[in-house]
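Reader: Hi! Could you walk me through this one while I have it open?
Author: Happy to, let's look at it together.

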Amino acid sequence: MTDTKHSPREHDASEALAERIRRADAEGRPLRIVGGDTKAFYGFHVRGRTVEADALSTREHRGITYYDPVELIVSVRTGTPLAELEAALAENGQMLGCEPPHFGDDATVGGMVATGLSGPRRPWAGSVRDFVLGTRVINHEGSEQRFGGQVMKNVAGYDLSRLMVGAQGTLGLLTEVTMKVLPRPGVTRSLHLDMPLPQALEKLAEWGRQPLPITAAAWLDGALHLRLEGGPSSVAATADRLGGDELRDDFWTALREQRLAFFSKEDPRPLWRLALPHHTPVLDLPGVKESDPLYDWGGTQRWLRSELDDKTIREACTRAGGHATCYGPHIATGGTAEPFTPLAPVVAKYHRNLKAELDPKGIFNPGRLYAEL
């Protein structure tokens, strides 16, 4: 077990952040919270939404403060490089269950939590929010507050802590997060099965009702890609049963990091992420063939390159019980001035009230989620 006390240097780094926030709040000057800046595209880079703000870097506030491999719990400062945390966990045969994307070598733990983005394992293991046990946050007054704890049974403040996941730094400055981690699987084996999309979705629905060691499933280019993880005998038996060809395991890293040809930046069309309920059939979108999207998360996360207007795409997702996010380029033909699905009036009211309570002068990442927040 590792239990690192706050060193004078780390205390100074934390106090420096707090002082910057106190000064910004007193002057009403907005702050743009920056970690590795690898996910800056997510929400900010939109026409009419550029915010003049002073950069507030968290990179000096780094390090693992507590790690108990037996209890599968780690506490880490948010300026810590994500790769550094993952390496420390790997030394003990453990990992982050949410398999978060990096989108660059400089990705930090804070960016992982602030965006709440998860990788291919998410439907089978859980999201970033599911693994967060507690956080430390510096509020607009420059006071560091602790929410949640180091065990799942500690309920006090637990929801407040998870509220910070995906808030993109709009509610306060995350300085530390405590998370549950998972053991690394004993065996990993990936398969490539040639089959049309309707059959793939049917098979995934069928296999989802069975205790199979599937931890990732994606369909593209006329084939279903599967990852099997677990004990050697279970993985081998399942692979023999399902058949198909061997697939390189690094396919899943390429998918997670959007390095596959599908995500090529040479394609000028806007990239949409469609989040849909399980077993949603192919969406009826004008001019879009069923084979056009990349189907991830067993079909619940679909990536689409399209010049369709945002209203058409979002209405189709809403009818199916889901929502759509535009990853960019937002200002291209068919793009949108609002990357995230507009909030319903009642929900928007709660968002504004919460922002007003936790950040009354609107100094934390204004406009990062929605223009009015």
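**Cysteines and cores**

Author: One thing to start with: C326 counts as buried, at 2% relative accessibility. Keep in mind that this is a predicted model.

Reader: Thanks! And C317, buried or exposed?
Author: C317 is buried, with a relative accessible area of 0%.

Reader: How many disulfides does the count come to?
Author: The count comes to zero disulfides. For C317, the nearest cysteine sulfur is that of C326, and it is 12 Å away. A disulfide needs the two sulfur atoms within 2.5 Å, and C326 is in no disulfide either.

Reader: Got it. Switching topic: which residues have the most contacts inside the largest nonpolar core?
Author: Those are L85, L96, M112 and M179, in a core of 28 residues.

Reader: Nice. Which helix gives the most to that core?
Author: Helix 2 does, with four residues. Among the other elements that each supply at least two residues are helix 3 (109-115), strand 7 (132-138) and strand 9 (173-180).

Reader: Let me zoom in on M112. What does M112 touch?
Author: Leaving aside residues up to four places away in sequence, M112 touches L82, L96, P100, L117, V128 and M179.

Reader: And what about the second core, how many residues are in it?
Author: That second core is separate and has 22 residues, including L247, F262, W303 and L373.

Technical notes: Residues numbered from 1 in each chain as written. Predicted model: local features only at pLDDT ≥ 70, side-chain atom pairs only at ≥ 80, totals over all residues. Heavy atoms only, no water. Buried < 20%, exposed > 50% of the residue type's maximum accessible area, 1.4 Å probe, protein only. Core = buried A, V, L, I, M, F, W, Y, C linked by side-chain atoms within 4.5 Å. Contact = heavy atoms within 4.5 Å.
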